[in-house]
Number of protein chains: 2
Amino acid sequence: MSGRTRNATTTGRPDGSARRSEAASLDASQPLHGMRIIELSSYVASPLSGMTLAQLGADVIRVEPLGGAQDRTRWPRARSGTSLLWSGMNKGKRAVEVDLASKRGRDLVADLIVGGGPRGGIVISNSERYPDLTYEVLRIRRPDLVHVQLTGRRDGATAVDYTVQATTGFAWLTGAQDSTQPVNNVLPAWDVAAGLYLTAGLLAAERHRLLTGEGQQVRIALEDVAIAIAGSLGYLAEAQLTTPRRRDGNHLYGTFGRDFGTADGERLMIVVLTLRHWRDLLAATGLTGAVSALGTALGVDFDDDDERYRHRAVLGGLLAEWFGRHTFAEAEAALSPARVLWSRYRTFADLVADGAGTLRSNPLLRELDQPGVGTHLAPGSPVVMDGRQSPPKASPQVGQHTEEVLRAELGLSEAEVRELRGLGVIRR
Amino acid sequence: MSGRTRNATTTGRPDGSARRSEAASLDASQPLHGMRIIELSSYVASPLSGMTLAQLGADVIRVEPLGGAQDRTRWPRARSGTSLLWSGMNKGKRAVEVDLASKRGRDLVADLIVGGGPRGGIVISNSERYPDLTYEVLRIRRPDLVHVQLTGRRDGATAVDYTVQATTGFAWLTGAQDSTQPVNNVLPAWDVAAGLYLTAGLLAAERHRLLTGEGQQVRIALEDVAIAIAGSLGYLAEAQLTTPRRRDGNHLYGTFGRDFGTADGERLMIVVLTLRHWRDLLAATGLTGAVSALGTALGVDFDDDDERYRHRAVLGGLLAEWFGRHTFAEAEAALSPARVLWSRYRTFADLVADGAGTLRSNPLLRELDQPGVGTHLAPGSPVVMDGRQSPPKASPQVGQHTEEVLRAELGLSEAEVRELRGLGVIRR
């Protein structure tokens, strides 16, 4: 437990620079400096939202039940048993642990939520389990509360990324053409999208409060995020109005793009978005003449994007033969000078091979000494503001800042903290 | 072209309700009412950002080169040829079409970007092609400019979702255990995440401007978004510090979850996050005794989450037999009363079957009459504010509001517009 104290009426940053005026904020990467957010969350979506806000400068306090939230031991884990997911999702937050099963514990959390000064009064939650922490109850104490709630389904029912994946159609479109089963997306993309929608909703509501003094409730359902994105990408309209598309392996839909294997067992993804990409790809592979002859023979103009897609099997076959006869190094030498969009497929092991050289060249990643995990390359914020970027900060341990927060944010005395400890409301 | 006119000094909403005071905003779902954003974009990430802001109440003007941006004909398409992607990603925006190859055209766009009153001066762009539309150049005219730039890679190099997918490891973890090739994610999840990060970065920068008067440049690279998310989920640390994980089909990593087929050919996804889920699943399938006996025989406590994951093959096998002997209706009847997280795998065709009954029950979706597409169920915003939600609005046609915007936002006269038309700077 750090010995630093904070005045309950200020809304300084975790680094202790309280009372610095908003206008004098020195680091452009921290525009949310001064904002204070209580996060009651677990797993991916709501923790990602809190972390994104913390990376932009907000003071984010993650509150968990005694012993930590359900995700405290979630895989992947370091050899020590420390959750790499929990550590990864809580970078730069403070952590408080209270007995949420007790009225006294929930009262403390309610006090935290409604406190924090003019830039406080903000909560992100993924649980509706506690009737005394709802918007309806808390806004009585703080009418300008910004209350951001994630649910699984709109009606409040539970759903998680993998059940939403099953519900929303993509699993039947992913994977090899001849596969007969749905293929789950290993990336919890709906959780990620929901976490970022929560962030946008929170910032929009807090902006409204800045301009009008009015608080707001923001509710987002994980399933709605998936349906909204599927709809905006055209999948729902396509299925309603035309023929739903079929599984198509690693092909891009509607344009020429697919993966190819090289003679030495590497794989590449090639994406052709423009006529220039196409002509350069043919020139790089020496196939300009062959494709031209084929087009003439078939009566097809392969300069047309749609035609390249319709004839992707034959065009892909020609290119596959070329890549199959060349090593990765040869393919790279041919493609690199050309204006062709391509990438080598990498595993996570490839990314960290040779001292993680690939990652080390990107200033997004920095060495981070994370207690319980060890020193490793960790990402900061992908948002670069005025050329500055928030580097990765260590995540706390579960409950690391409980007493500090109770004293500094709620103004509790040492005797009051001792009493809470004695009652088991906070960890003994 | 609508005949309504707008005063160049107001920042009203596209519905014409200019000059309404911010405090008197009637619709809680429109907290960004009054904000004006110019969007120079194509494909998915930056258009999604603009649309998200438009759904929250901002006046978003999409600017495209003559004939429309590269994505104007992107698949999927309606039978008329209208792009369902373009229509889906531009709902509720206004659309302007100018000759970006001409200095005169770019000057008009620069005028639009630096205009818009105190809540204007905001641009989202996914192109660095135009040197006269960069942050450095435009901030000279408007020092409080908020300039939001998406790039492919951090160094400005081009990358798209599918090449970033190849770069970042997930393709080798997705798909059946025995597959030998990478599996692309059909959902452009990195584009979606990048679009929402752009939105959060823009709102954070505009908030900073509200509080300090200072503008800011926000830069986000698509590749950085993918690396940051992979890192925060623990994949990079796992690969650096332990053994990178292996492909595991439709299994969840580190907890019990996988898909099962029913006797009548349906598939379900089951996710067990808690002991209660597990016990309910066993009770629902009548396997409590069998699993208990198996645990005793193997000396394993299946009440432990980790052990359920380690022994997922045998436990999955037992459950697969049960599901294989029961129809979907029987499985549903058994699972529905239990506290088990599960979902049936659906195709997009399933989602729109029977008059799209499944979608119709969700107030997220409403009938939308989209010119060139027809009437269909389309999603509004997944962000619900104070119980209110932005319904889907029709997308414009490419360039639909060019003259309206030039007159109302730049105050051009009819003669000036005619001159631009004559010069071919706007469509004749």
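Predicted model: local features only at pLDDT ≥ 70, side-chain atom pairs only at ≥ 80, totals over all residues.
Biologist: Which residues does W86(B) touch, not counting residues up to four places away in sequence?

Modeller: Residues are numbered from 1 along each chain as its sequence is written, and chains are lettered from A and ligands numbered from 1 in the order in which they are written. W86(B) belongs to helix α2 (residues 84-89) of chain B, where helices (H or I, at least four residues) and strands (E, at least two) are DSSP runs numbered from the N terminus. Taking contact as heavy atoms within 4.5 Å, and not counting residues up to four places away in sequence, the residues that W86(B) touches are R62(B), E64(B), D71(B), R72(B), S395(B), P396(B), Q397(B) and V398(B).

Biologist: Is W86(B) buried or exposed?

Modeller: Buried means under 20% relative accessible area, exposed means over 50%, and partly exposed lies in between, with a 1.4 Å probe and protein chains only. Since the relative accessibility of W86(B) is 5%, this residue counts as buried.

Biologist: How many Å apart in space are W86(B) and Q397(B), C-alpha to C-alpha?

Modeller: Q397(B) is among the residues that W86(B) touches. Although 311 residues separate W86(B) and Q397(B) in sequence, their C-alpha to C-alpha distance in space is 9.4 Å.

Biologist: What rotation superposes chain A on chain B?

Modeller: Two copies of a chain are related by a rotation about an axis and a shift along it. Here the copies are superposed by least squares on the C-alpha atoms of residues with pLDDT of at least 70 in both. With 0.0 Å of shift along the axis and an RMSD of 0.0 Å, chain A is brought onto chain B by a rotation of 180°. That is the relation of a two-fold axis, so the kind of axis to go with this rotation is two-fold.

Biologist: Why do the copies meet through the same surface?

Modeller: The copies meet through the same surface because the interface residues of chain A are also interface residues in chain B, and the share for which this holds is 100%.
Across the two chains, helix α6 (residues 189-212) of chain A and helix α6 (residues 189-212) of chain B have axes that come within 9 Å and cross at roughly 15°, which makes α6(A) roughly parallel to α6(B). By class, this contact of α6(A) with α6(B) has 20 nonpolar, 2 polar and 4 charged residues, where Ala, Val, Leu, Ile, Met, Phe, Trp, Tyr, Cys and Pro count as nonpolar, Asp, Glu, Lys and Arg as charged, and the others, Gly among them, as polar. The surface itself is therefore shared by 100% of the interface residues of chain A.

Biologist: At what angle do α3(B) and α15(B) pack?

Modeller: Axes are lines fitted to C-alpha atoms, for helices over the stretch in contact, and angles run from 0 to 180 degrees between N-to-C directions; under 35 degrees counts as roughly parallel, over 145 as roughly antiparallel, 65 to 115 as roughly perpendicular and the rest as oblique. For helix α3 (residues 103-114) and helix α15 (residues 402-410) of chain B, the axes are 11 Å apart and the packing angle is about 50°. That makes α3(B) oblique to α15(B), at an angle of about 50°.

Biologist: What is the omega of the cis peptide bond from W75(A) to P76(A)?

Modeller: Most residues other than glycine have a negative phi, and most peptide bonds are trans. P76(A) lies in the loop between β2 and α2 (84-89) of chain A. The bond from W75(A) to P76(A) is cis, with omega near -5°.

Biologist: In which helix is A356(A) found?

Modeller: A356(A) is a residue other than glycine with a positive phi, near 60°. At 2% relative accessibility A356(A) counts as buried, and its place in chain A is helix α14 (residues 348-360).

Technical notes: Heavy atoms only, no water.
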